[in-house]
Amino acid sequence: MDKINRIKEVLVTKDVAQKELAKKMGRSANTIASICNNKTQPHLRDLKKIAKILDVDIRELLVPTKST
């Protein structure tokens with residue numbers, strides 16, 4: 001499976017635990033773990049909410065498809 005999101009990496013950079021994100025999102029810890037491990041992908045609304053919680057641009061949560 002291809003890596004699509006970088007949420008786990010951003011959480012580490014921001015020093016935010018997956019459980020903390022789950023609580024703020026109103027989601028289970030298992031759901032957030034699946035997203036962080038790229039087993040499932042968040043809905044765009046949830047991706048936007050994650051970006052807001054982590055105070056990052058939404059694009060930072062995704063793996064780039066093109067080199068700049």
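# Exercises on helix packing and salt bridges

Asp46 and Arg27 form a salt bridge, with 2.8 Å between the closest N and O atoms. The exercises below concern a predicted model, in which local features need pLDDT of at least 70, side-chain atom pairs count only at pLDDT 80 or more, and totals for chains, interfaces and linings use all residues. Residues are numbered from 1 along each chain as its sequence is written, and side-chain values use heavy atoms, with hydrogens and water left out.

**Exercise 1.** Find how many salt bridges the whole structure has, and describe the pairs Lys24 with Glu20 and Glu9 with Lys3.

*Solution.* 
- Step 1. The search of the whole structure gives five salt bridges.
- Step 2. Lys24 and Glu20 meet through their side chains at 3.3 Å, N to O. These two residues are four residues apart in helix α2, so about one helical turn separates them. Lys24 is partly exposed at 47% relative accessibility, and Glu20 is partly exposed at 35%.
- Step 3. Glu9 and Lys3 form a salt bridge between their side chains at 2.0 Å, N to O. Glu9 has a relative accessible area of 31% and is partly exposed; Lys3, at 46%, is partly exposed.

**Exercise 2.** Describe how helix α1 packs with helix α4, giving angle, handedness and contact residues.

*Solution.* 
- Step 1. Two packed helices are described by the angle between their axes and the distance between the axes. Axes are lines fitted to C-alpha atoms, for helices over the stretch in contact, and angles run from 0 to 180 degrees between N-to-C directions.
- Step 2. Helix α1 covers residues 7–14 and helix α4 residues 44–54; their axes come within 11 Å and cross at roughly 15 degrees. This makes α1 roughly parallel to α4. Angles under 35 degrees count as roughly parallel, over 145 as roughly antiparallel, 65 to 115 as roughly perpendicular and the rest as oblique.
- Step 3. The crossing of α1 and α4 is left-handed. A crossing is left-handed if the near helix is turned anticlockwise from the far one by less than a right angle, and right-handed if clockwise.
- Step 4. Ile7, Val10, Leu11 and Lys14 of α1 make the contact with Leu47, Ile50 and Leu54 of α4. Contact means heavy atoms within 4.5 Å.
- Step 5. By class, this contact has six nonpolar, no polar and one charged residues. Ala, Val, Leu, Ile, Met, Phe, Trp, Tyr, Cys and Pro count as nonpolar, Asp, Glu, Lys and Arg as charged, and the others, Gly among them, as polar.

**Exercise 3.** Describe the contacts of helix α2 with α3 and with α4.

*Solution.* 
- Step 1. The axes of α2 (residues 18–25) and α3 (residues 29–36) come within 8 Å and cross at roughly 115 degrees. The crossing of α2 and α3 is right-handed.
- Step 2. From α2, the residues Gln18, Lys19, Leu21, Ala22 and Met25 meet Ala29, Ile32, Ala33 and Cys36 in α3. The contact has seven nonpolar, one polar and one charged residues.
- Step 3. The axes of α2 and α4 are 11 Å apart, at an angle of about 115 degrees, and α2 passes α4 in a right-handed crossing.
- Step 4. Leu21, Lys24 and Met25 of α2 make this contact with Asp46, Lys49, Ile50 and Ile53 of α4. By class, the residues divide into four nonpolar, no polar and three charged.

Key:
Salt bridge = Lys/Arg side-chain N within 4 Å of Asp/Glu carboxyl O. Buried < 20%, exposed > 50% of the residue type's maximum accessible area, 1.4 Å probe, protein only.
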